[in-house]
Amino acid sequence: MIPFLKIVNDVAIAVDQLGTRKGAIAVYLEIWHMDVLEFIDLRKNSGDERRRAHDLFPALWICDLFMERVEKDETWTLFDPYACKDLTECYGDKFKEKYLTYEQNPHISKEKISARTLWKRILTNYFESGLPFLGFKDNANHANPNAHVGMIRSSNLCTEIYQNTKSSHYKMQVDFIDGARTYFEEEVIVCTDAGISKKANKLTSNDSLNGQKIFMATKVPDEGTLAVCNLASLNLSKIHTPEDIERVVPIAVRMLDNVIDLNFYPTAKAKNTNLKSRAIGLGVMGEAQMLAQAQIAWGSSEHAAKIDALMEKISYETIKASSALAKERGSYANFKDSAWSKGIFPIDKAKQEALELSPHKSACDWASLKAQVQEQGLRNGYLMAVAPTSSISILVGTTQTIEPIYQKKWFEENLSGMIPVVVPNLSLDTWNYYTSAYDINPKDIVRLAAVRQKWIDQGQSLNLFLRPDKANGKLLHEIYHLAWKLGLKSTYYLRTQSPHLEEKSVFDRSIECHHCQ
């Protein structure tokens, strides 16, 4: 697959918005794919340049079975994807059953590798380049509220969108000289007038069917499913009381639902999917500023309790607002038989390990809301996602998304030049509560993400931060193993502090997804 990814890489370079921003393409690969070792090295600065794609964003789609074998130090098997295509169509116990069957099949092409050796290769490359992103396939799909109509096969560049996708289904379109047209499945055996039986995808203009001469046989796509992100973020430095959340969230949900109908869609597949799922992604930003203003230490138990209560309220009001819209405008097309329709909400899918992180007494009437949703429906199939907000947080004068700050003051470098930035409301009262991300235990960042994830039906764009002098294989393993164990769906960049950047206090976020800013 590497030579073909190089072609995709060239497309990313060519499509650059008239030189203002490079294209950004994320490529997700399942962990059992036979090319996974080369895929991990895709962005390396050493090695054969013919096997590199420096402008793509590789991401791994990791199943529970692989992580279990890493824990037990067992062997992992890599397969040719053409020999076991159905592994991409399932997850959980069904995936495990099929995977074990393929492992025992002597007629299937395969390679063996130590699971821990592969895991070390992944983590080493993560430390060196911040990539590949990690997505946890089973965590994502077990919490999918619309698993009844599909499955989640990947995320987006910023790793916060988790929606059903499905590749286009192709058929053979056969046009005859007299203008008639018919369709066949690609693998269907067709008998030509010459008495030759062949697959439909082998038909040519030399063949005739039922006395009709074929003019042309072409492969055409039937409709698939394409995830779409319609995003907005609440500024927690301004909106953090129950009264404010109750006032603002319904406006945000209505606005995002309007965007679905008013939007410009580049492809019919994107439009059709979005009109069916009516997916939105309401997130948050300004968490670090909110904590500093309240004089709460980042990563403390007080922080966990605060964000737990906040995210619960936001989740509650978001679902409530979408249900009210459903009464007014109707539910999304696939509401029936969804987890929402059965009264199963994100908190009901949270792992026990995550629930134990923050003992929390609910202040919301979830039983009444579940009854309301079951009666009235839900307008939007997906509701919440935390995006990076790299640019908009600067524009509105708050801190980026859910992250601790990089430094109290720095220069933001993007295509517009060097922009001096100081954290908002910096004073003697807030100084000690603005803690650099590099001074915070990355495991605390993961734990706090798990507290938020309990209330979010999609995901979070979760960067992790590590000083090079503190990095080692054991710590990296513990961080990402913890993320998987706590039910997180993904991790974004691993940012390590460079002496060059530390000296100049420069940060460049221009490579991040423009539409998730």
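Q: Hi! Which residues does V421 touch, not counting residues up to four places away in sequence?
A: V421 touches K408, K409, W410 and E412, where contact means heavy atoms within 4.5 Å. A word on the source: this is a predicted model, where local features need pLDDT of at least 70 and side-chain atom pairs count only at pLDDT 80 or more, while totals for chains, interfaces and linings use all residues. Residues are numbered from 1 along each chain as its sequence is written, and side-chain values use heavy atoms, with hydrogens and water left out.

Q: Thanks. Where is V421 found?
A: V421 is in strand β15, residues 417–422. Helices (H or I, at least four residues) and strands (E, at least two) are DSSP runs, numbered from the N terminus.

Q: And is V421 buried or exposed?
A: V421 counts as buried, at 12% relative accessibility. Buried means under 20% relative accessible area, exposed over 50%, and partly exposed in between (1.4 Å probe, protein chains only).

Q: What separates the C-alpha atoms of V421 and K409?
A: They are separated by 5.7 Å, with V421 and K409 12 residues apart along the chain.

Q: Let's move to K443. Buried or exposed?
A: K443 is buried, with a relative accessible area of 18%. K443 sits in helix α14, residues 442–453, and touches L475, E478, I479 and L482, leaving aside residues up to four places away in sequence.

Q: Switching to charges: how many salt bridges does a search of the whole structure find?
A: The search finds 31 salt bridges. A salt bridge here is a side-chain nitrogen of Lys or Arg within 4 Å of a carboxyl oxygen of Asp or Glu.

Q: Which residue forms a salt bridge with E38?
A: That is R51, and the closest N and O atoms of the pair are 2.9 Å apart. The pair links distant parts of the chain: E38 is in helix α2 (residues 36–40), and R51 is in the loop between α2 and β2 (56–62), 13 residues apart. E38 is partly exposed at 32% relative accessible area, and R51 is partly exposed at 27%.

Q: What about D86, which residue is its salt-bridge partner?
A: D86 forms a salt bridge with K98, with the closest N and O atoms 3.1 Å apart. D86 lies in the loop between β3 (75–79) and α4 (92–104) and K98 in helix α4, so the pair ties together parts that are 12 residues apart in sequence. D86 is partly exposed, with a relative accessible area of 25%, and K98 is partly exposed too, with 26%.

Q: And how do the side chains of E328 and R329 meet?
A: They meet in a salt bridge, at 3.7 Å from N to O. Salt bridges that share partners join R254, D257, D261, R278, E328, R329 and R379 into one network. E328 is partly exposed, with 48% relative accessible area, and R329 is partly exposed at 31%.

Q: Now sheets. What is the strand order in the open sheet that has β7 in it?
A: The order is β7-β6-β11-β10, 4 strands with antiparallel pairing. β7 (181–185) and β10 (208–209) stand at the edges, each with a single partner strand, so one side of each is left without a neighbour in the sheet. Two strands pair if DSSP finds at least two bridges between them.

Q: How many bridges join β10 to β11?
A: There are 2 bridges, and β10 runs antiparallel to β11 (residues 212–221). K213 in β11 is the bridge partner of S208.

Q: Which are the edge strands in the sheet with β1 and β17?
A: β1 (25–30) and β17 (490–491) are the edge strands, each pairing on one side only. This open sheet has 4 strands in the order β1-β2-β5-β17, with mixed pairing. Within it, 4 bridges join β2 to β5 (residues 133–136), and these two run parallel. I62 stands opposite F136 in β5.

Q: Which strands does helix α5 lie across?
A: Helix α5 (residues 115–129) lies across β2, β5 and β17, running at about 135 degrees to β5. Axes are lines fitted to C-alpha atoms, for helices over the stretch in contact, and angles run from 0 to 180 degrees between N-to-C directions.
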